[in-house]
Amino acid sequence: MSMPGHAPTVPVPPTLLEPDLLAADPAGLADVGRLVTELTREAAGALRRRTGPLPTQTPGQLAALVDRQFPDGPIPRHGGGRAAVLALARAYAAGTVDLADPRAAAHLQPPSLSVAAAADVLASVFNASVDTWDSGPYAVELERRLIAALTELAGYGPAAGGVLTPGGSASNLQALLIARDTALRPGRDVRTAGLSGLTVRPVLYCSELAHFSMARAAALLGLGEDAVRPVPADEHHRMRPEELDRALRTRAADELPIAVVATAGTTDYGSIDPLPQLAAIARDHGVHLHVDAAYGGGALFSERMRPLLDGIEHADSITIDLHKTAWQPAAASALLLRDRAGFAVTTGLRVAYLNPEDDGEAGYDGLLGHSLQTTRRADALKVAATFLALGREGVGAMLDACHDLARHAARAVSAHPRLDLTTEPVLTTVVFRYRPRTTTDPAAVDAINGALRRRLLREGSALIGRTETAGAVQLKLTLLNPQARASDIDEMLAAVDAAGGAEEAEEEHHHG
C-alpha cells in the first residue's frame, strides 16, 4: 500500500536501453556495438549446434515450438530486456534457414556478405531516408553515385538515371508503369485522368518463361493479367525473336504495345533472351524494351560472364537485384533507365512539405521524384561498402565461382545413374530429375521427386529447389554460395539419391 502523499511504487521492468541511449547518439552507438556482439555470439552458438541448412522440424512442429518459446507472444505487456532479446537471437538462429550452409541451394537467395550486413546495421542506426535531401544528405548523394556507376556498367550514357527499390518485382512494376504512361501519354495523361474510357487495349510481350511479376504488374497497373502476351521460348529456354515479331505484326487493331520484356536470367534455368535481336524488334515497332535482369544482372561484374548481357545497353529500362548476385542483405534492387526523364512521367511530383520547387532549384532535392516509396532507407550504404571493399572484380569472382559450381553439378548429374540433367546451366542454376529404380509411370516419378525434396526438408539435411517443365516435376540447385566446394555438391546429389531411394522403399512397403 502506498503512503499518503506518495505516488504508488510501480515495478520497473528490465529495459534494453537507458531512455537517453538512442541508437545514433555516441553512447547509443557504443551500446549498439555491444548488443550486436552479444546477439551474434548467441546466434553463432545456436548455429554451431545445427546439422544442416534447415531445422529438423516440420512446419507444424516449428510453429508449436515458437508458441512455447514466447507464451505471451511477440508483443508482451512488459519487456524482458536483454535476456529476452538474446533468447530471441538463439531461437531465431536455431530455427531459420542457414544460407551459408553449402547444402542450401533452393532459391535465388544468397548468403549476405559480412561487410554488407555490418554496413546495414549502420544504416539502421542513423535511420536516414532518401526521399528528401535533409532526411539523409549523404545517403542521397551516395545513391546518386551508385546509380550512375551501375548505369555506366550497363552501357548507358549521361542521360541515364535510376533508383533503388525493395526488389525485382517492385523494379519491374515501376518500369512497366513508366512504359504504360509513356505509351499512352500522346493521347492521355494517365496519372491525372486514369484508364477509364480508353479506346485502345494496352498489352505487353514477354517470354512464356518470364517472371510472374509481369502478370502481377499488369494486374496492379489496371491492364489485367490478360494484357500479358506470352511469346514461345526455344529449346534453350529463350524467347524466340521471330515469334515476338510475328505477335507484334499480327496484333489486333485496338491493341497498343506498351513494352517488350526480355529476361536475362530466368528463375528456373538462368537462360538469357537474345537481347540484341529483341532490341532491334522493339526499336522497329517503337516499343519500350525492359530487361528483367534481376538474376542475370550480376554478370555485369564478371569479365567472364559480361558477354551474356551483350545488347542490354539498348534497353530502355533494366532491373537488377543486388540481393541476388551481389550478395547483399535483402532488400537491394535497382531500376535503371536509359533516359531518366522517364521518371517525370510517373513519379516526378512535388509536395510542399517534402520537395518544394525552390529547394530543388537551390540543389536540395532528394530522391522522392524517382520512387514509388516515400520513406526509403539508405540501402546504397551496404552496396557501396561491398564494392569499395571487394571491387567489381571481387564480386565478379564470386559469381564465377558459383558458375563453376553449376558446371560441376551439371557434369555430376550427367554422370549419375539415377539423375537426368534437364538443361545445361547458363548462370548458376542446375535443373534435373531423379529417375526411380522401380517405376517409369510419369505420375509416380513426379510424386517421388516431390516427396524426396520434402524428405530432405524434414531432415534438415539439404535445401534444394523444385519446379515444373512441361508439367513434369523437376529438382533444382540454385548455387549462390561462392564458398561451397565441389565435394559439397557431390554430397547434395548423394543425399538426393538416398532420399529418392528411401521414398521408393516406403512406397513399395506401403503397397506390399
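Start by selecting helices α9 (residues 241-249) and α10 (residues 275-285): α9 passes α10 in a right-handed crossing, meaning the near helix is turned clockwise from the far one by less than a right angle. Helices here are DSSP runs of H or I with at least four residues, strands are E runs of at least two, and both are numbered from the N terminus. This is a predicted model, where local features need pLDDT of at least 70, side-chain atom pairs count only at pLDDT 80 or more, and totals for chains, interfaces and linings use all residues. Residues are numbered from 1 along each chain as its sequence is written, and side-chain values use heavy atoms, with hydrogens and water left out.

The two axes, lines fitted to C-alpha atoms over the stretch in contact, come within 9 Å and cross at roughly 15 degrees. The pair is therefore roughly parallel (angles under 35 degrees). Now show side chains: P241, L244, D245, L248 and R249 of α9 meet Q277, L278, I281 and H285 of α10, with contact meaning heavy atoms within 4.5 Å.

Step back to H237, in the loop between β4 (228-231) and α9. Its phi is near 65 degrees, positive despite not being glycine. H237 counts as buried, at 15% relative accessibility (buried is under 20% relative accessible area, 1.4 Å probe, protein chains only).

Technical notes: Axes fitted to C-alpha atoms, helices over the stretch in contact; angles between N-to-C directions. Parallel < 35°, antiparallel > 145°, perpendicular 65-115°, else oblique. Buried < 20%, exposed > 50% of the residue type's maximum accessible area, 1.4 Å probe, protein only.
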